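Here is a short briefing on one protein structure. It covers a pocket, a cavity, a sheet and a nonpolar core.

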Amino acid sequence: QVQLVESGGGLVQPGGSLRLSCTAPGVIFSSFRMGWYRQAPGKSRDVVATITDGGSTNYADSVKGRFTISRDSAKNTVYLQMNSLKPEDTAVYYCNADRLSWGVRNNYWGQGTQVTVSS
């Protein structure tokens with residue numbers, strides 16, 4: 001079973017920044033749509049940002065203008081740059097890789113990384 005590996009979470013003060021990273025041994029991200037999701041306690045897992053294999057991005061309204069998703073094909077890594085963090089951004093952040101090819105869907109998740117925004 002493929003599992004993605006996230007890193008970069010932690011505790012940050014309101015207004016601060018963090019950069020999350022996601023990679024996966026044995027999985028070539030270039031053909032996948034990559035995404036970052038988050039889940040706060042007692043809430044559902046919601047999409048934060050996605051990036052297609054062609055580089056098109058999409059963001060949740062709550063993070064537009066503050067978060068940036070990007071991918072480095074050479075490093076097989078996807079990033080989420082988070083600026084101007086707010087307490088409501090506190091959640092476990094998950095990386096996702098999704099691909100539909102020749103009728104076969106491949107969908108992988110990471111174990112999550114905790115982001116806590118608090119003074």
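The lining of the largest pocket is made of 5 nonpolar, 4 polar and 5 charged residues. Here Ala, Val, Leu, Ile, Met, Phe, Trp, Tyr, Cys and Pro count as nonpolar, Asp, Glu, Lys and Arg as charged, and the others, Gly among them, as polar. The model is predicted: local features need pLDDT of at least 70 and side-chain atom pairs pLDDT 80 or more, while totals for chains, interfaces and linings use all residues. Residues are numbered from 1 along each chain as its sequence is written, and side-chain values use heavy atoms, without hydrogens and water.

**Pocket**

- The largest pocket holds about 160 Å³ of space.
- On a 1 Å grid over the protein atoms alone, a pocket is an open set of points with protein on both sides within 12 Å along at least five of seven lines; a cavity is a set where a 1.4 Å probe fits but cannot get out; lining residues have an atom within 4 Å of a point.
- Grid points are joined across faces, edges and corners, and a volume is the space filled by probe spheres set on the points.
- The pocket has 14 lining residues, and Arg-38, Ala-40, Lys-43, Asp-46 and Glu-88 are the closest to its centre.
- E5 gives the largest share of this lining, 3 residues; strands are DSSP runs (E, at least two residues), numbered from the N terminus.

**Cavity**

- There is 1 cavity of 30 Å³ or more.
- Phe-29, Ser-30, Arg-71, Asp-72, Ser-73, Asn-76, Thr-77 and Val-78 line the largest cavity.
- By class, these divide into 2 nonpolar, 4 polar and 2 charged residues.

**Sheet**

- An open sheet with antiparallel pairing is formed by 4 strands in the order E1-E3-E8-E7; two strands pair if DSSP finds at least two bridges between them.
- Strand E1 (5–7) and strand E7 (67–72) are at the edges with a single partner strand each, so one side of each has no neighbour in the sheet.
- Strand E3 (residues 18–23) and strand E8 (residues 77–82) are joined by 6 bridges, and Leu-18 stands opposite Met-82 in E8.

**Nonpolar core**

- The largest nonpolar core has 30 residues, and Leu-4, Met-34, Trp-36, Leu-80, Met-82 and Tyr-93 have the most contacts inside it.
- Such a core is a set of buried Ala, Val, Leu, Ile, Met, Phe, Trp, Tyr and Cys residues joined through side-chain atoms within 4.5 Å; buried means under 20% relative accessible area (1.4 Å probe, protein chains only).
- E9 gives the most to this core, with 4 residues.

Technical notes. Buried < 20%, exposed > 50% of the residue type's maximum accessible area, 1.4 Å probe, protein only.
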